[in-house]
Amino acid sequence: MTIAEFYLIKSTSTITLSVAGISKEVVIISLSVLIYGDVLTPVNLLGLLVSIAGIIAYNYYKFTRGQGHGHGHGHGHGKGLYEKLPMHIKE
């Protein structure tokens, strides 16, 4: 598991590792409800739905960022992952 996490961080980011961990927890909770009949309180259900919405939003952001700018993680484009923004407007 540690080696898989290392390679995931190496090829993506720590945020992606966190989202993957949350996704795993959502799957485990869902399977627990389906297989063992665990009951979720309204607060538990709300938390689960917020987590799912966050995972969807993160993946949407990652997908549109990669598609819209013509590059994925900035590798090989000379700019890196982040771009510098000007602090003032030139006149």
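This is a short tour of the model, stop by stop, with something to select each time.

Before you click, know that this is a predicted model, where local features need pLDDT of at least 70, side-chain atom pairs count only at pLDDT 80 or more, and totals for chains, interfaces and linings use all residues. Residues are numbered from 1 along each chain as its sequence is written, and side-chain values use heavy atoms, with hydrogens and water left out.

**Whole chain.** Start with a cartoon view. You'll find three helices and zero strands, running α-α-α from the N terminus. Helices here are DSSP runs of H or I with at least four residues, strands are E runs of at least two, and both are numbered from the N terminus. Of the 91 residues, 11% count as buried; buried means under 20% relative accessible area, exposed over 50%, and partly exposed in between (1.4 Å probe, protein chains only).

**Helices 1 and 2.** Select residues 2-11 for helix 1; its axis comes within 7 Å of the axis of helix 2, and the two cross at roughly 135°. Axes are lines fitted to C-alpha atoms, for helices over the stretch in contact, with angles from 0 to 180 degrees between N-to-C directions. How are helix 1 and helix 2 oriented to each other? They are oblique, a label for whatever is left after under 35 degrees (roughly parallel), over 145 (roughly antiparallel) and 65 to 115 (roughly perpendicular). Show the side chains E5, L8 and I9 of helix 1 with T14, T16, L17 and A20 of helix 2, which make the contact (heavy atoms within 4.5 Å).

**K24 and E25.** Select this pair next. K24 forms a salt bridge with E25, with the closest N and O atoms 3.9 Å apart; the rule asks for a side-chain nitrogen of Lys or Arg within 4 Å of a carboxyl oxygen of Asp or Glu. By that rule, the count comes to one salt bridge. K24 is partly exposed at 40% relative accessibility, and E25 is partly exposed at 40%.

**S32 and L34.** Helix 2 covers residues 14-36 and includes L34. S32 also sits in helix 2. Is S32 buried or exposed? S32 is buried, at 17% relative accessibility. Leaving out residues up to four places away in sequence, S32 touches G37 and D38. L34, by contrast, is exposed at 69%.
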